[in-house]
Structure formats: C-alpha cells, structure tokens
Amino acid sequence: MFSFTKIVVASHNEGKVREIRDLLVPLGIETVSAGELGLDDPEETETTFEGNAALKARAAAEASGLPALSDDSGLAVAALDGAPGIYSARWAGEPRDFGRAMEKVWTAMSEAESDDRAAKFVCVLALAEPGGGVHTWRGEVEGEIVWPPRGGKGFGYDPIFQPPGRKETFAEIEPQEKHAMSHRARAFDKFLAALKSGAEPRA
C-alpha cells in the first residue's frame with residue numbers, strides 16, 4: 001500500500017507540473033518538481049510511453065530519495081501513423097517551441113494527403129519509490145486535429161486538439177474543465193484508485 005505526503009513531480013515542463021500539482025492538491029500531497037530540486041532530465045531512451053515514464057520516475061526517486069511521479073505523454077495522429085507519439089516534445093526542438101511543432105504536424109498531415117484528422121492524446125503516469133518498484137497507469141482521450149491553432153489556456157499541442165463533442169480546443173477550455181476530461185486525468189483516475197484501494201496497482 002502506498003503511503004506518502006510528499007512527492008517529486010519528475011518534470012521540468014511547468015505546464016505539466018502545474019496540472020499534476022492541481023490534481024494532487026485535494027489529496028493533501030505536497031509536490032516539488034524536478035526543476036525545483038535541480039535534478040537533471042534523464043535521456044529518454046525507451047520506445048514506449050510506459051518505458052520513458054518509468055525511466056524518468058526511477059531516476060528522480062533515486063536522486064531525491066523521495067517517491068517520484070512522472071508523466072510521459074504525447075500526441076498520436078492517425079494520418080501520421082501515430083507520430084509524433086513519444087517524440088512529441090522533441091518535435092518542438094530546443095528550446096521548446098510548440099508553435100513550430102504544431103506547424104510541423106499540420107505540414108506532415110498535408111503532405112500525407114489524408115483527410116483523416118483523428119488523433120489522440122496519450123498519458124502514462126509512473127510512480128517509483130526509492131529502492132522500490134515502478135508502477136504505471138495509462139490514459140487516453142480521442143479527438144481530432146484542427147487548424148489554425150486556437151486558444152491560450154493550455155500548453156503543448158492543446159491549441160490544435162479538439163475533443164469529441166466540443167467546438168473548443170483544449171487550449172480554449174477552462175483548465176479545471178480540461179483537467180476533468182484529459183488523458184492525464186484518466187491516467188490519474190487509475191492512479192488515485194490504486195492509492196485509495198491499497199491494492200497492487202495496474203496499468
């Protein structure tokens with residue numbers, strides 16, 4: 001059974017850290033980010049969301065001596081055979097420029113000569129405890145790509161992602177409402193259920 005009151009959010013992405021922190025506040029769990037602790041980002045050498053999430057959580061837990069929660073997430077576009085996928089952040093380059101990344105997605109879709117705009121956001125959460133195992137939970141939300149980008153309330157690819165049944169993109173929806181329907185929220189639901197049940201967590 002998990003038992004902790006403080007956790008490291010293994011990310012330097014301020015938007016991602018903020019979303020995770022907002023989701024943990026109601027549980028009374030204090031959060032500190034990898035950036036605040038000065039922890040380095042490990043090289044993401046795995047080929048799946050699960051693998052990269054586990055790698056980051058394990059590195060942060062061992063470096064900090066605290067339980068660590070990591071998130072590996074990305075946009076998977078049907079017309080691009082699931083790209084950018086685990087390389088979603090890398091498409092934004094260094095320093096991160098998601099305006100450029102969104103243009104790259106749209107250009108690649110146009111070159112693919114496909115009318116399929118289906119896409120999904122994927123999030124895998126991984127929890128690692130110092131010297132312990134790693135557990136993962138996966139959440140997805142289906143939607144479609146829209147162009148041009150709209151909204152300034154989200155981050156990453158949110159301005160070009162429109163969830164089903166909505167006319168707004170993720171970047172036009174109020175953050176608390178987005179939190180309730182996002183891929184991250186769905187992964188968190190599984191994570192929270194494991195915390196509350198005390199049972200062996202499952203992805």
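I began with Arg21, which forms a salt bridge (a side-chain nitrogen of Lys or Arg within 4 Å of a carboxyl oxygen of Asp or Glu) with Glu36, the closest N and O atoms being 3.4 Å apart. This pair links distant parts of the chain, as Arg21 sits in helix α1 and Glu36 in helix α2 (residues 34–37), 15 residues apart. I note that helices (H or I, at least four residues) and strands (E, at least two) are DSSP runs, numbered from the N terminus.

The model is predicted, so that local features need pLDDT of at least 70 and side-chain atom pairs count only at pLDDT 80 or more, whereas totals for chains, interfaces and linings use all residues. Residues are numbered from 1 along each chain as its sequence is written, and side-chain values use heavy atoms, with hydrogens and water left out.

For accessibility I took buried as under 20% relative accessible area, exposed as over 50%, and partly exposed as in between (1.4 Å probe, protein chains only). Arg21 counts as partly exposed at 27%, while Glu36 is exposed at 52%.

I then looked up Lys56 and Glu44, whose side chains meet in a salt bridge of 3.4 Å, N to O. Lys56 belongs to helix α3 (residues 49–64) and Glu44 to the loop between α2 and α3, 12 residues apart. Lys56 counts as buried at 8% relative accessibility, and Glu44 as partly exposed at 27%.

For Arg96 and Glu94, I found the closest N and O atoms of their salt bridge to be 3.0 Å apart. Here Arg96 is partly exposed, at 43%, and Glu94 is exposed, at 65%. Salt bridges that share partners also join Glu50, Lys120, Arg138 and Glu140 into one network. My search of the whole structure gave 13 salt bridges.

Finally I returned to helix α1 (residues 14–24), in which Gly15, Lys16, Val17, Glu19, Ile20 and Leu24 are buried. Their cover, by contact (heavy atoms within 4.5 Å), includes β1 (6–9), β2 (30–33), β3, α5 (175–181) and α6 (183–197).
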